[in-house]
Amino acid sequence: MTKPNCPNYGQPIDTGWSWVICFASFMCYFLIGTSGQALSVLFLELSAKYQSSLTVTSLTIMLQILLLSVSSIVSVSILVPKIGERRITVAAGVVFAGCSVGCSLSPNIVVFIIFCAIQGLSVGAVLVPVIGILGYYFDQRRSLAMSISSSGLCVSTIAAPPLIRALMEAYGLRGTFLFLAGVELNMTVAGMLLRPATSYRTSGSMKKKLLSDIPEKDKTNSPQDMQVRENHSGNHHIPSPSVNSEEANHISEVTHNQITRSHGDGLEQHTSTSKKDGTQDVHQGTKNALKQRPVLTRYNSIIGGVEAAETAIDETLLEKVRKTEDTESCTNCCCLRLLKEIFNPELFEQWAFLLFLLATIPGATNQYLFQYIPTIAVFQGATRSEGATILTVCGCVDLVSRILTGLLADTRVLRPTQIVAISQICLGIVCQFNMFFTDFNSLIIMGVLVGLFVGPRQSLLPPMLLEIVGMAKMSRCLSLTAVVGTISAASHSPALSAVVQSTGSYAIVLYYVGIALISSALGLLLTPLVTRLQNKKKGEN
């Protein structure tokens, strides 16, 4: 619907172009997921081609993830407020595809890692903005739209591996990355669809439409009055009389003629006013004043150059603003200002958000299950092909689960934090009963359960932050949460892998992951209580 009382009149909310924005965001996430799947599927081939160890080859994924998290917070804090989501996505799409071309032409593993790192920067630049913009286009269907957008990663998990494997067999490693570069270039097309919410500003034609909707009895101001008030907004001492252009020219001409007659020899000048019974002189004392040529010249210049004076005032104000900005830029340290913009202290004033960040550290282990479920299946007794099948089943269920949880969140029956907390508790219980999943049939059930409960945390992450910090701070808090979650996931992966290598089983790891998920869920459930406590303390103060 189109809401007349929204900040930008004419902006579609929950309809029309809003769903085009959602599709563009979905495409961006799908392309990002496809690129990530390429590194995972072709991992062994890359190690063999460049004759590098698995540890060195794994730096491609690690650096890409780390730089992705850093780039996301810089993009949200600095780039988006200055140039907007559309330009960032288009530019990042060009860099994104260009890095895939560079990967196909890399002569050694070092150059390949550099291109993957740059690709991580470009991915991080669009990861948060393309889903943050949905908050401006959706209200009643916001959770569903964000779930559909993030489900692009699920679709890439299902569709990309067989496609990449087929390309590898047909065109080789270099041809596969060149083909992916052409596919990834579609991110620029998706970026062009991301129309900024600020573009729905009231234009001249829209102003006329708005005026036509006002009743005649309320139209007490003429268009000239509106224009004068717009030009002089904030200058309360400047009146806005209803004077048409012909009357203004006549007054200016009469006044100019009256004053210029006194030039030359200082002739006496009298001004008279009209009354109903005739005319009479009212300004006898102006004779001596009008003889002063400098005064007349200055007065005449003011009458003849009002627009020039207004322009000069505007230029003076702009010059003062420029000088102020230059002074501030000279006195303040540039690095400190950038750090303040990135890590805004106001974001950490809410206790609920701090608790949410703490809950993110153990909560990030849910992605560990999704990434390592084929390996877990092999350790539990399945073959490698059966492990790949379980991953596909898990991805399909995850896609359906994200959409259903988005619909559930839009019903407002449960808050997003409650939905995610329930899903994490269920997933933690599944991990505690891992000893019962020992064959292919039972592992299929495990894959379904993991797919059912692993996705809500990621798909409902923006709605959870909207619930906690609001729309104004959502994008920056989302980028900070992504950084914390990325660091947690990156640190858990080698630590848990070391435990598996020492014990030869995933039992202890799954027990730990289950406890971590349940503790994270308890933190999410406590966020409303913490918010009430903080509000109560502010009220007492």
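**Close-up 1. Arg402 and Asp398 pair within helix H20 (residues 384-410).** The two residues are 4 apart in the helix, so about one helical turn separates them. Helices are DSSP runs (H or I, at least four residues), numbered from the N terminus. Arg402 forms a salt bridge with Asp398, and the closest N and O atoms lie 3.2 Å apart. A salt bridge here is a side-chain nitrogen of Lys or Arg within 4 Å of a carboxyl oxygen of Asp or Glu. Arg402 is buried, at 3% relative accessibility. Asp398 is buried too, at 1%. Buried means under 20% relative accessible area, exposed means over 50%, and partly exposed falls in between (1.4 Å probe, protein chains only). The model is predicted: local features need pLDDT of at least 70, side-chain atom pairs count only at pLDDT 80 or more, and totals for chains, interfaces and linings use all residues. Residues are numbered from 1 along each chain as its sequence is written, and side-chain values use heavy atoms, with hydrogens and water left out.

**Close-up 2. Arg165 and Glu45 form a salt bridge.** Their closest N and O atoms are 2.8 Å apart. Arg165 sits in helix H9 (residues 152-184) and Glu45 in helix H2 (residues 43-49). The pair links distant parts of the chain, 120 residues apart. Arg165 is partly exposed, with a relative accessible area of 31%. Glu45 is also partly exposed, at 23%. By the rule above, the count comes to 4 salt bridges.

**Close-up 3. Arg415 and Glu467 meet through their side chains.** This salt bridge spans 3.1 Å, N to O. Arg415 lies in the loop between H20 and H21, and Glu467 in helix H24 (residues 461-469), so the pair ties together parts 52 residues apart in sequence. Arg415 is partly exposed, with a relative accessible area of 35%. Glu467 is partly exposed as well, at 29%. Side chains of opposite charge can pair when their charged atoms come close.

**Close-up 4. Helices H21 (residues 416-432) and H26 (residues 507-525) cross at roughly 160°.** Their axes come within 8 Å. Axes are lines fitted to C-alpha atoms, for helices over the stretch in contact, and angles run from 0 to 180 degrees between N-to-C directions. H21 and H26 are therefore roughly antiparallel. Angles over 145 degrees count as roughly antiparallel, under 35 as roughly parallel, 65 to 115 as roughly perpendicular and the rest as oblique. H21 passes H26 in a left-handed crossing. The contact includes Val420, Gln424 and Gly428 of H21, and Tyr511, Gly514 and Ile518 of H26. Contact means heavy atoms within 4.5 Å. The contact residues divide into 14 nonpolar, 7 polar and no charged. Ala, Val, Leu, Ile, Met, Phe, Trp, Tyr, Cys and Pro count as nonpolar, Asp, Glu, Lys and Arg as charged, and the others, Gly among them, as polar. A crossing is left-handed if the near helix is turned anticlockwise from the far one by less than a right angle, and right-handed if clockwise.

**Close-up 5. Ile429 lies in helix H21.** Ile429 is partly exposed, at 42% relative accessibility. Ile429 and Tyr511 are 82 residues apart in sequence and 9.2 Å apart in space, C-alpha to C-alpha.

**Close-up 6. Helices H18 (residues 351-363) and H25 (residues 471-503) pack at about 25°.** Their axes are 8 Å apart. H18 and H25 are therefore roughly parallel. H18 passes H25 in a right-handed crossing. Among the contact residues are Phe353, Phe356 and Leu357 of H18, and Leu480, Val484 and His492 of H25. By class, this contact has 7 nonpolar, 5 polar and no charged residues.
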